[in-house]
Amino acid sequence: MPTDAQIAGGHKANLNNPNTSKESKENSQKILDNEFNGGDVPKANDTKDKNPGNVAGGLKATMKNPNVSDEAKKSAEERLNNM
């Protein structure tokens, strides 16, 4: 079952899609305005706690990734040390 954030996101995507009809865009805008506070809904993962193991793994991966800037690596290391 999709969350409100996912449904609103689909309607927002429709509004920005050049391949959808004007009628479809109007319908999406109407739904966003009437059912989703104009599209202002919490993100899908705002209500869930993050898994600390996954966060640590992502930070470690950032530190070893050659495509990441030194500044980002240092920030990841500091965040990891503060966990």
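This is a predicted model: local features need pLDDT of at least 70, side-chain atom pairs count only at pLDDT 80 or more; totals for chains, interfaces and linings use all residues.
I begin with helices H1 and H2. H1 covers residues 4-16 and H2 covers residues 22-35. Which residues of H1 meet H2? They are Ala8, His11, Lys12, Asn14, Leu15 and Asn16, and their partners in H2 are Ser24, Lys25, Ser28, Gln29, Ile31 and Leu32.

For H1 and H2, the axes come within 9 Å and cross at roughly 145 degrees. The crossing is left-handed.

I now move to the second pair, H3, residues 52-64, and H4, residues 70-81. Here the axes come within 8 Å, with a crossing angle of roughly 150 degrees. Angles over 145 degrees count as roughly antiparallel, and H3 and H4 are therefore roughly antiparallel to each other. Their crossing is left-handed.

On the H3 side, the contact involves Val55, Ala56, Leu59, Lys60, Thr62 and Met63; on the H4 side, Ala72, Lys73, Ala76, Glu77, Arg79 and Leu80. Seven of these residues are nonpolar, one is polar and four are charged.

Finally, consider H3 by itself. At its start, a side-chain oxygen of Asn51 lies within 2.8 Å of the backbone nitrogen of Gly53. At 1.5 Å a residue, the 13 residues of H3 should span 18 Å, and the end C-alpha atoms are 19 Å apart, which agrees. Thank you.

How values were computed
Residues are numbered from 1 along each chain as its sequence is written. Side-chain values use heavy atoms; hydrogens and water are left out. Axes are lines fitted to C-alpha atoms, for helices over the stretch in contact, and angles run from 0 to 180 degrees between N-to-C directions. Helices (H or I, at least four residues) and strands (E, at least two) are DSSP runs, numbered from the N terminus. Angles under 35 degrees count as roughly parallel, over 145 as roughly antiparallel, 65 to 115 as roughly perpendicular and the rest as oblique. A crossing is left-handed if the near helix is turned anticlockwise from the far one by less than a right angle, and right-handed if clockwise. Contact means heavy atoms within 4.5 Å. Ala, Val, Leu, Ile, Met, Phe, Trp, Tyr, Cys and Pro count as nonpolar, Asp, Glu, Lys and Arg as charged, and the others, Gly among them, as polar. The expected span of a helix is 1.5 Å times one less than its number of residues. A polar contact is a pair of N or O atoms within 3.5 Å; within protein, one must be able to donate a hydrogen and the other to accept it, and residues adjacent in sequence count only if both atoms are side-chain atoms.
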